[in-house]
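Here is a quick tour of a fold, strand by strand and helix by helix. Keep the viewer open and follow along.

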Amino acid sequence: ETGQELFRDKKPFALVALGGYGRRDLCIHSDIDVLILFDTKVPSSAKKLAEDVFYPLWNLGFDLGHAIRRIKDCLNLASEKLEALTSLMDARFLCGESPLYLTLMERVEKGILRKKGLHLSRWLEEQNRMRMSLFGDASSLLEPNLKEGIGGLRDYHHLLWLAKAFFHLRTPKDLETSGLLSHKEYADLENHLKFIHLVRNHLHRESARKNDRLTFDHQETIAQALAFKDQGGLLAVEQF
């Protein structure tokens, strides 16, 4: 009702998914990040609109990241903080006034990414060094971090951000259609991502919370759920 009133009063808005929600790669207990976007002014009734949108999600138990911002606010924040910039790079239109979303994304690309692409690349390199120090190589650790470990999901996110910043790609499939990845490379990437997401969803369910560290106490149960079997002298969990 509040949303309809805003549109009738010519104060349109857009609901925008950010981060993992924007990328469409949520797991069972992932955060949900939602932005209510206005053009040049946030009206007083925006607070009531936020209550209408966000309270039901909180009541359902979602871990919700939320914001109400003007286009200018988003651009200023993205210019100051690269974390905010990468979150906006994953933005996806949900509903409302689509031109607001399109204007924001165009200004992010032309006004920020073209200036900060190299800075973003260097920042991501530093993030990789920090991740290696904190979480290690996910492909070799006995209890890997599926998201932040080197070789985990965060590397895929870095790949997408760099592709958007330097090659102006918009969707993961563009990695193949642009020729940056071969058909086989993209198919391998998709298959590996599906497996990591499958394992991560099982980990979230077993933990009953958001959890990215595949600890020993969950490994046997998840190996069994994924139909690994003892064979060739190796236990199911060892093969997993």
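Two strands count as paired if DSSP finds at least two bridges between them. The elements themselves are DSSP runs numbered from the N terminus: helices are H or I over at least four residues, strands are E over at least two.

## What you are looking at

This is a predicted model, in which local features need pLDDT of at least 70 and side-chain atom pairs count only at pLDDT 80 or more, while totals for chains, interfaces and linings use all residues. Residues are numbered from 1 along each chain as its sequence is written, and side-chain values use heavy atoms, with hydrogens and water left out.

## The sheet

Start with β1 (residues 14-18) and β4 (residues 92-96), which pair in the antiparallel sense over four bridges. Within that pairing, Leu15 sits opposite Cys95 of β4, and Ala14 has Gly96 as its bridge partner. β1 also pairs with β2 (residues 32-38), again antiparallel, over five bridges; there, Val16 stands opposite Leu35.

Put together, four strands make an open sheet in the order β3-β2-β1-β4, with mixed pairing. Its edge strands are β3 (64-70) and β4, each of which pairs on one side only. On average, neighbouring strands here are turned by 25 degrees against each other, direction ignored. Helix α4 (residues 71-80) packs on this sheet and touches β2 and β3, and its direction makes about 115 degrees with that of β3. Touching, or contact, means heavy atoms within 4.5 Å. As for angles, they run from 0 to 180 degrees between N-to-C directions, and axes are lines fitted to C-alpha atoms, for helices over the stretch in contact.

## What is covered

How many residues of β1 are buried? Five of its five are, so the strand is mostly covered, with buried meaning under 20% relative accessible area, exposed over 50%, and partly exposed in between (1.4 Å probe, protein chains only).

## Helix α9 and its partners

A pair of packed helices is described by the angle between their axes and the distance between the axes. Take α7 (residues 153-167) and α9 first: their axes come within 11 Å and cross at roughly 135 degrees. That makes the two oblique to each other, the label left over once angles under 35 degrees count as roughly parallel, over 145 as roughly antiparallel and 65 to 115 as roughly perpendicular. The crossing of α7 and α9 is left-handed, meaning that the near helix is turned anticlockwise from the far one by less than a right angle, with clockwise giving right-handed. Leu153, Tyr156 and Leu159 of α7 make the contact with Leu189, Leu193, Ile196, His197 and Arg200 of α9. By class, that is six nonpolar residues, one polar and one charged. Ala, Val, Leu, Ile, Met, Phe, Trp, Tyr, Cys and Pro count as nonpolar, Asp, Glu, Lys and Arg as charged, and the others, Gly among them, as polar.

Now α9 (residues 183-207) with α10 (residues 216-225): they pack at an angle of about 125 degrees, with their axes 10 Å apart. This pair is therefore oblique, and its crossing is right-handed. On the α9 side the contact uses Val199, His202, Leu203, Arg205, Glu206 and Ser207, and on the α10 side His218, Thr221, Ile222 and Ala225. Here the residues come as four nonpolar, four polar and two charged.

Leaving aside neighbours within four places in sequence, His158 is in contact with Leu124, Gln127, Asn128 and Arg131.

Arg24 is in the loop between α2 and β2, and has a positive phi of about 65 degrees although it is not a glycine. At 65% relative accessibility, Arg24 counts as exposed. Ala227, in the loop between α10 and α11 (236-239), is another non-glycine residue with a positive phi, near 70 degrees.
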